[in-house]
Amino acid sequence: EIGVRLVGSEMCIRDSGRTLPKNTREILIDGKTYISASEAGRQLNVCTATILHRIKSLNSKFLGYHYAC
């Protein structure tokens, strides 16, 4: 269930039982969208920092790693 709730002064998005901060960005990897870098890392079995480094990388192996918006 997706919903929105206010926590302190931040609006949070709730997805599948997890509460995500409002600064969470969707990640697009090889045509598949992930709700966050953490979720992408969990599903691809790499750490979050690796996902973020691949998004910023100029290496041609990681051209499919982007922020969704």
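Predicted model: local features only at pLDDT ≥ 70, side-chain atom pairs only at ≥ 80, totals over all residues.
At 24% relative accessibility, threonine 24 counts as partly exposed. Residues are numbered from 1 along each chain as its sequence is written, and side-chain values use heavy atoms, without hydrogens or water.

**The overall plan.** The protein has two helices and six strands. These are DSSP runs (helices H or I, at least four residues; strands E, at least two), numbered from the N terminus. Reading from that end, the order is β-β-β-β-β-α-α-β. Of the 69 residues, 20% count as buried. How many of the contacts between residues at least 6 apart in sequence join residues at least 24 apart? The share is 23%. A contact means heavy atoms within 4.5 Å.

**Around threonine 24.** Threonine 24 sits in the loop between β3 (18-20) and β4. The side chain of threonine 24 reaches the backbone oxygen of proline 21 at 2.8 Å. Beyond its neighbours within four places in sequence, threonine 24 touches Ile35 and Ser36. Isoleucine 35 is eleven residues away from threonine 24 in sequence, and their C-alpha atoms are 7.7 Å apart in space.

Serine 36 belongs to the loop between β5 and α1. Is serine 36 buried or exposed? With a relative accessible area of 7%, serine 36 is buried.

In soluble globular proteins, nonpolar side chains tend to be buried together. Here the largest nonpolar core has nine residues: Ile27, Ile29, Tyr34, Ala37, Ala40, Ile51, Ile55, Phe62 and Tyr65.

Tyr34 is one of the core residues. Setting aside neighbours within four places in sequence, tyrosine 34 contacts Glu26, Ile27, Ile29, Glu39, Ala40, Gln43 and Leu44.

The buried residues of α1 are Ala37, Glu39, Ala40 and Gly41. Glutamate 39 has a relative accessible area of 13%. A polar contact of 2.7 Å links the side chains of glutamate 39 and glutamine 43. That term covers N or O pairs within 3.5 Å, one able to donate a hydrogen and the other to accept it; residues adjacent in sequence count only through side-chain atoms on both sides. Glutamate 39 and glutamate 26 are 13 residues apart in sequence, with 9.5 Å between their C-alpha atoms.

How do the two helices meet? The axes of α1 and α2 are 8 Å apart, and the helices pack at an angle of about 110 degrees. That makes α1 roughly perpendicular to α2, a label for 65 to 115 degrees. From α1, the contact uses Ala37, Ser38, Ala40, Gly41 and Leu44; from α2, it uses Thr48, Ile51 and Leu52. Ala37, Ala40 and Ile51 are also among the core residues.

**Two loops with positive phi.** Most residues other than glycine have a negative phi. Which values do aspartate 30 and asparagine 45 show? Aspartate 30, in the loop between β4 and β5 (32-34), has a positive phi near 50 degrees. Asparagine 45 follows α1 and has a positive phi near 60 degrees. Asparagine 45 lies in the loop between α1 and α2.

| Residue | Relative accessible area | Class |
|---|---|---|
| Serine 36 | 7% | buried |
| Glutamate 39 | 13% | buried |
| Threonine 24 | 24% | partly exposed |
| Aspartate 30 | 63% | exposed |
| Asparagine 45 | 71% | exposed |

Technical notes
Core = buried A, V, L, I, M, F, W, Y, C linked by side-chain atoms within 4.5 Å. Buried < 20%, exposed > 50% of the residue type's maximum accessible area, 1.4 Å probe, protein only. Axes fitted to C-alpha atoms, helices over the stretch in contact; angles between N-to-C directions. Parallel < 35°, antiparallel > 145°, perpendicular 65-115°, else oblique.
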